[in-house]
Amino acid sequence: MTEGTALIKTTCYHCGDECLTNSFSIDDKQFCCSGCESVYHILADSGLCNYYSYNDHPGANRVRVDKRFDYLSDPTIINALLDYADDRISIVSFYIPHIHCSSCLWLLEQLNRFNPAVHYSRVDFLKKQLVVRFDQNQMSLQQLVEQLYDIGYEPLISLQDVIKEQNKAEKGNIVQRIAVAGFCFGNVMLLSFPEYFGLSSYEQNFKHFFGYLNVVFSLPVVFFSGREYFVSAWNNLRKRVLNIDFPLALGIAVLFLRTVVEIFTHTGAGFADTLCGLVFFLLIGKFVQQKTYHHISFERDYRSFFPVAVNVLVNDIEKPVPLSQLQTGQRIIIRNNEIIPADAILLKGQAMVDFSFVTGESIPVNKTLGEVIYAGGRQTGEAIELEVVKSVSQSYLTQLWNNEAFTRQKDTGAKTFNERVSKYFIIVLLAIAFGSLLFWLPFNVGRGLAAFTAVLIVACPCALALSTPFTMAAALSIFDRNLFYLKNAGVVEHMASVDTIVMDKTGTITNGDANSIEQKGELTRFQRQLVYGACINSMHPLSRMICEYLGPLSKLPVKKYEEIPGKGIVARIEDHQILIGSREFVFNDVNKEFKTTAVHILIDEKYLGYFSIKHHYRDGMQDVAALDSIYQLYLLSGDHDYEKNDLVRFFKSDNQMYFSQSPQDKLDFIQSLQQKGNRVMMIGDGLNDSGALKQSDLGIAVTDNVNNFSPGSDAIMDGKSFKKLPCFLRFSKDTVNIIHCSFAISLTYNLIGLSYAVSGKLSPLIAAILMPLSTVTIISFTTLATHLAARKRKLI
Amino acid sequence: MSIIYFLIGCSVLLALIFLGAFFWAQQSGQNDDLYTPSIRILLDDKESEVDEK
């Protein structure tokens, strides 16, 4: 086989990328780079080539080969990462973003074939998590991570492992409570049937026996499954808030007490089945509302994005230091693709810093020696040496997290429909209950008490408490299907109540690397050199795009150079006069009708055409902009106003657009809108939007890959779904309407029940029929209506 | 008809055993990951045969 360019298109056996050369091959298998080839080599040596038989091209591309796991030898870092360690075994869990197919699963669970020190390795596919139990005496954590790296599965190591924390959160508990409630509900139903169908006189002994058993079954339902309702009602009472848990707890308590009294005094059959059914359905409502996205985190801050450690130069020796111990004045080394963790001064090397995570701007920025580089940038190119000027938490970007918006619990003040309604509901309910008690009291004390308790039982707002969870659960799954992930059910109601939308520009309404340049008119090679020579001196993004487009050309000596901000460049190169800039600047023409940004070229008074630059906005930006008839729209950009002319078609008036906004400015802007009484939705993407996302009533992070970093927010939206934003907003309003309707339905049931209850003649059978019937009606109505609404909005 | 007492006792006991089994499974993490086993079962243990392909 000869070296050179492959004539036929071949794809890499490991990662599936196109092979540009055929110089990398083993066993007739082609690889795109030496990285992929070496992974194959390792797997072949261990007899693990099965990896390639389950799926085609399962591997991750390995063009980048630079190991940097030295920091994993630091004991404080090791302790923070290990889940468990004693002198024989250690357990660690990694988040590995590349896990995507059965081959990954198979290979990662064969880890002990590479090194017998690994006792056990297990993959959780949905969480993209690997748990490894290994012997630390024979294999260090660093070796383990390097092994994983060698086979193409680099774990994402960060000290703020939010996903791990989320998983730890109690979830199993509610399942157990539902199990107990369901178990008791089933048994109580069975034991109550004889009573409803009628027992003959000689079977009366059974009646009491069944009654006592029912009481026994109600005990765990009230004190284990239903406990949280009492706790929550009590806590809210102490805070002087009446929430829906109060009538629920009251209903449960009254049901239980009346059941116990009736059964022990042999005066009736009690309401044990209604009680168990109530708690069971309420808990199910709670369960469906909890939606967990396995690998999405809404709580990320800068710590999950920054590296765990950084290499510090001490007496010319590199030493890994955990970020928290990094001090000002220390010298750090940042290599290709590493992130600068703190504001620092550039001391040595050629810095090309990519701030795409921070601002969404994808073109790397050139920095000169002595310049301060803000934290959060990613170095591309050679290693650079920097001196830290501010500690990690005090840096320009990260100090945003010291703002009170991040420490305060998010209380947007907007009460959910349930909260607003339940206050009045309780007052009316208590009025009716005491009314009927007072009405009967003069004639018959027993009947008065019966009516009083019956009202509380029947009016127990089970259906009301279920309407929100079931509607929201259906709505969340519809949003989920459209790649829009909401943190919790309350977000839907916030979305429906929003009246102001604020958007970031770069990365949010534009794609990450989306601008394209088009040349109109012909240029000779020499003229191209002239243009290149003039533009290379300018830091304006358009100049940089033109330079990139023309490609690296040899620089010509510039005799005179002047840049007029916002207009263009005048330069003299060799003996040629070059004028590059806007139409206005080049022709003295004030006609502003051009829709696209264009850069015109005039060399020696001769017009040579122009470069037109098209900004690619996300699909559907036009539809989103059309929302301004209903919502107030604002654009908040960290960039200069270079694109302003282009954006005019979306944002009509000048005071809708704000440029050169710092992260703090953005936060303040949102705050000022809120002070005017607006309810603000912020759509952003980078770390610089974090403050605004947090401050807003509803923060949505837009990302092109949900596994990637996205700042803390209430919702995460895939970039592809951006065009559906108007549909999402309308659908959220539909959802709230459905909740209102189901509230009306549940009120109807309550009124029917109350008409029996106030007379004091509520039979257990009626309660036992009414409660499940209303529950089933509500569940089916909300689910069906939500799906119909989604269909109407074309979301399914 | 006193047999009813015995039968009900038996059925409740049996149901309690199942409830206990569910609690056990829940606490030992059996229901934590419901997706991965569905892939794992499709993978072969004997790699030597597939190697020849």
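In chain A, strand E13 (residues 351-354) is joined by 3 bridges to E14(A), and the two run antiparallel. Strands here are DSSP runs of E with at least two residues, helices are runs of H or I with at least four residues, and both are numbered from the N terminus. Two strands pair if DSSP finds at least two bridges between them. Within this pairing, Ala351(A) stands opposite Lys367(A) of E14(A). The pair belongs to an open sheet of 3 strands in chain A, with the order E14-E13-E16 and antiparallel pairing. Strands E14 (365-367) and E16 (378-379) of chain A stand at the edges with a single partner strand each, so one side of each is left without a neighbour in the sheet.

The model is a predicted one, in which local features need pLDDT of at least 70 and side-chain atom pairs count only at pLDDT 80 or more, while totals for chains, interfaces and linings use all residues. Residues are numbered from 1 along each chain as its sequence is written, and chains are lettered from A and ligands numbered from 1 in the order in which they are written.

Stepping back to the whole of chain A, 26 helices and 30 strands are found. The C-alpha trace of chain A spans about 115 × 70 × 55 Å along its principal axes. Of its 796 residues, 42% count as buried, that is, with 20 or more other C-beta atoms, placed from the backbone, within 10 Å of their own. Helix H26 of chain A (residues 764-792) has 29 residues and reaches 42 Å from its first C-alpha to its last, close to the 42 Å expected at 1.5 Å a residue; the expected span is 1.5 Å times one less than the number of residues. Just after H26(A), Lys794(A) takes a positive phi of about 60 degrees.

Chain B has 3 helices and 0 strands, and buried residues make up 2% of its 53 residues. An unreviewed UniProt entry annotates residues 6-25 of chain B as "transmembrane region"; such annotations may be inferred rather than shown by experiment. Over residues 6-25 chain B is 100% helix, and the end C-alpha atoms are 29 Å apart.

Where do the two chains meet? In all, 19 residues of chain B are in contact with 20 residues of chain A, contact being C-beta atoms, placed from the backbone, within 7 Å. H1(B) gives the most to the side of chain B that touches chain A, with 8 residues.

How values were computed:
Buried ≥ 20, exposed ≤ 12 C-beta atoms within 10 Å, placed from the backbone. Contact = placed C-beta atoms within 7 Å.
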